[in-house]
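Dear colleague,

The findings follow directly after it.

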Amino acid sequence: MIEIQFWWLAILPIFFGAGWLAARVDIKHVIAESHSLPIAYFKAVNHLLAGEMNKAIDIYIEIAKNHSETIELQVTLGHLFRRRGELERAIRMHQKILSRRDLSESQRQQSQLDLAIDFIKSGLFDRAEKILHDLSNTDSARLARVELLAIYQQEHEWQKAIATAELLRDESNSFQHEIAQFYCELASESLIRNQNEKAINELNLALKEHRHSARARLMLGEIALSEARPDDAIEHWLKMPAQDIHYLALAARHLIAAFHSKNQLADGIALLIRYVQQYPELDVVDLIYEQLLATAGIDAAYDFVRERLREHPSMPGLKKLLDAHLLVAPADQKSELEVIGKLLHDNTRSYSMYYCSECGFKTRQFFWHCPGCNQWETYAPVRGKSRSVV
Ligand SMILES: [Zn+2]
């Protein structure tokens, strides 16, 4: 026992010595590294933090001249050129990186991705697509497919978009909304070519992918109406589930037309009134008012908007009521009412636009695919509201 304890005592200083030596070596290495980093590098970082990208880039270019061996510096510069919109310079930098012989496999793949993104931003989709395809059997395949999906959507290559989204599908993202939308886009193209049957098949595929696809239901109804099948059309539109019922507003005018073609216009208007009583946000009040005015007269239209305002007070509702008042007001009161109407009009202008819940892009026209942020189904089918509040 005693011999073993002595042996430990003898070896302890060696352990301490080794630790001290290792620590010394590490410290020396760190000091050497920090000396090799030019002070300018930190200045550039400070400029970046202060949002002064141009000043940072100038410094990085200077450093890169003297430290051409540093890949990370070239990568940073490539990103900064792209951020500043200097796409040609970004492309040259990424091509320069890719020509190096000392790249690791992951650095090569990252630089290929970077170059592809430069090409996408420059609108050179063919060149980007080729690079991204080359990455399809690498560790970067998923990232490459995300970029490919963006290209196919911009190029309206919907079949390729469907195939790519199916490859990207995993437990965190089913892509069912996107794929259903791609089938709807295919159907829109078929309809432009008067290929109704093909369009119906594509819309059924959309429903197979996403059985609550409101857009597919709306389009199937529109096709049925155009083929003089008003009952089928109405059936499609009324099949929309409660959570998507607000999309019915997009088909409301067609719904009225379908009832009109069956000589049952009053039934159609009554149906819409029942819906708006059940779903107060349903954006059909203007249409019902207009239809009542044309078919049942000013009193019926006035009673309807007054009732709506009582049940669901809103600025657009008040504006509508004033419109109805103006139609029957005596001449000496009209100018006062018109002044109030103008004020209300200025205050309700924002209620006449559709809003993207992702990027806030506003537009008079409803979009399934936001032109501002390229996201799908981000617009509520209710003017003056973003999707999250419907
Ligand atoms: Zn948007």
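A nonpolar core is a set of buried Ala, Val, Leu, Ile, Met, Phe, Trp, Tyr and Cys residues joined through side-chain atoms within 4.5 Å. Buried here means under 20% relative accessible area, exposed means over 50%, and partly exposed lies in between (1.4 Å probe, protein chains only).

Before the findings, two remarks on conventions. The model is predicted, so local features need pLDDT of at least 70 and side-chain atom pairs count only at pLDDT 80 or more, while totals for chains, interfaces and linings use all residues. Residues are numbered from 1 along each chain as its sequence is written, and side-chain values use heavy atoms, with hydrogens and water left out.

Overall architecture

The protein contains 19 helices and two strands; these are DSSP runs (helices H or I, at least four residues; strands E, at least two), numbered from the N terminus. Of its 390 residues, 40% count as buried. Contact means heavy atoms within 4.5 Å. Among contacts between residues at least 6 apart in sequence, 45% join residues at least 24 apart.

The nonpolar cores

The largest nonpolar core has 101 residues, and Trp 237 and Ile 288 are those with the most contacts inside it. Beyond its neighbours within four places in sequence, Ile 288 is in contact with Ile 269, Leu 272, Ile 273, Val 276 and Phe 304. Another core, of five residues, lies apart from the largest one and includes Leu 322, Leu 326, Ala 329 and Leu 337.

The zinc site

Which residues coordinate the zinc ion? The SG atoms of Cys 356, Cys 359, Cys 370 and Cys 373 do so, at 2.3 Å. Donors are N, O and S atoms within 2.8 Å of the metal (3.2 Å for Na, K and Ca); water is not among the atoms, so sites may look incomplete. The arrangement is tetrahedral because the four donor atoms subtend angles of 104 to 114° around the zinc ion. Four donors count as tetrahedral if all angles lie between 85 and 135 degrees. In sequence, the donor residues follow the spacing C-x2-C-x10-C-x2-C.

The UniProt annotation "binding site", from an unreviewed entry, covers Cys 356, Cys 359, Cys 370 and Cys 373. These four residues span 18 residues in sequence, yet no two of their C-alpha atoms are more than 8.7 Å apart, so they gather at one spot. From this set, Cys 373 belongs to the lining of the second largest pocket. On a 1 Å grid over the protein atoms alone, a pocket is an open set of points where a 1.4 Å probe fits, with protein on both sides within 12 Å along at least five of seven lines; lining residues have an atom within 4 Å of a point. As regards the annotation, UniProt positions are given in the numbering used here, feature names are shortened, and annotations may be inferred rather than shown by experiment.

Cys 356 is situated in the loop between β1 (354–355) and β2 (362–363). With 3% relative accessibility, Cys 356 is buried. Not counting residues up to four places away in sequence, Cys 356 touches Phe 361, Cys 370, Cys 373, Thr 378 and Tyr 379. Cys 359 is partly exposed, at a relative accessible area of 38%. Cys 373 occurs in the segment after β2 and is partly exposed, at 22% relative accessibility. Setting aside neighbours within four places in sequence, Cys 373 is in contact with Cys 356, Glu 358 and Cys 359.

Individual residues elsewhere

Thr 164 lies in helix α9 (residues 158–168) and is buried, with a relative accessible area of 8%. Leaving out its neighbours within four places in sequence, Thr 164 is in contact with Arg 145, Leu 148, Leu 149 and Tyr 152. Glu 88, in helix α5 (residues 87–98), is exposed, with a relative accessible area of 63%. Glu 88 and Asp 118 are 30 residues apart in sequence and 8.2 Å apart in space, C-alpha to C-alpha.

Phi of Phe 175 is near 60°, a positive value in a residue other than glycine. Phe 175 is in the loop between α9 and α10 (176–192) and is buried, with a relative accessible area of 10%. Phi of Ala 228 is likewise near 60° and positive, again in a residue other than glycine. Ala 228 is in the loop between α12 (214–226) and α13 (230–238) and counts as exposed, at 63% relative accessibility.

Yours sincerely

Terms used
Tetrahedral: all angles 85-135°; square planar, octahedral: opposite > 155°, others 65-115°.
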